[in-house]
Amino acid sequence: MRNSIFQLMIHTLDPLSDEGQFKEKASMLHKMAKKKCKDDGVSANGVVEKTMSNSVKVAVEVTPPMNGAMGGVVGGEEDEDDDEEQPLSLAWPDTTRKQLTYLFILPIILPLWITVPDVRRETSSKFFPITFLGSICWIAFFSYLMVWWAHQVGETFWITEEIMGLTILAAGTSIPDLITSVIVARKGLGDMAVSSSVGSNIFDITVGLPFPWLLYNIINDFKPVQVSSNGLFCAIVLLFLMLLFVIISIASSKWKMSKLLGFFMFLLYFIFLMVSVMLEDKMITCPVTV
């Protein structure tokens, strides 16, 4: 829930434009047109010719609107879409900045390039189940390293595990979701951007936590996993209250994201953070213990 609040308040500071739905449809039409051009061919004047069953050729031409929004999508995002559809290449870049970035991310990209099939290649598209399962395995491996390193950093600087989980790990796990949400939001897919902030947390609670516990129980003859935390009951109640405040605040803004709503989300996050830290450090005592 705190990750959802963190992502929603970022989205409100960068709201979608009124042309979001149009850009979404224009992007989809552009991709369909590109695929059709590859199948049927394009004439010299840019008009797609499609051969019908009765051998009659019908010309189909997409005309951009007068305000130039369509041209911005086709012209501005065409190169970006082409880059996304291209398979990963490990060729040495030209500029110094790209070379430094290449060397920095090479230890992460190289194992992925070797072990995970790139489905953007025509010869590897049929191996998408292996890519899906391999991606999950790599995410689990990187998550283990992240938790281990965060634990070591916390011990080095005398920071408790609870505070590290509420701050560093919470932000670290939300930033990738935030980046993907912003990318799809700028393409006009607002529903996908907002729903991912909620769906990722639902997946974490319903799959991410129970599945490791299930494996632990199977390996240890179904021995129960003991979970104990200072103020756990109050933290759960606080999460429900935060959810209620989020819904009320969005409804009061007439279901529109604004900068004021974004700052209010920041305020809710810091209130939750302070109360949770005070519960963990026993600065305030929860009346119900578990």
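In which hand, left-handed or right-handed, does H5 pass H6? The crossing of H5 past H6 is right-handed; a crossing has this hand if the near helix is turned clockwise from the far one by less than a right angle, and is left-handed if anticlockwise.

This is a predicted model, in which local features need pLDDT of at least 70, side-chain atom pairs count only at pLDDT 80 or more, and totals for chains, interfaces and linings use all residues. Residues are numbered from 1 along each chain as its sequence is written, and side-chain values use heavy atoms, with hydrogens and water left out.

Helix H5 covers residues 128-156 and helix H6 residues 161-186; helices are DSSP runs (H or I, at least four residues) numbered from the N terminus. Their axes come within 10 Å and cross at roughly 135 degrees. Axes are lines fitted to C-alpha atoms over the stretch in contact, with angles from 0 to 180 degrees between N-to-C directions. Contact (heavy atoms within 4.5 Å) involves Met146, Ala150, His151 and Gly154 of H5, and Glu161, Met164, Leu169 and Thr173 of H6.

The largest nonpolar core has twelve residues, including Leu166, Leu238 and Phe272. Such a core joins buried Ala, Val, Leu, Ile, Met, Phe, Trp, Tyr and Cys residues through side-chain atoms within 4.5 Å. Helix H10 (259-280) and helix H9 (232-252) each give two or more residues to this core, and H10 supplies the largest share, seven residues.

Valine 275 lies in helix H10. Because its relative accessibility is 26%, valine 275 counts as partly exposed (buried is under 20%, exposed over 50%, partly exposed in between, with a 1.4 Å probe and protein chains only). Beyond its neighbours within four places in sequence, valine 275 contacts Leu238 and Ile284.
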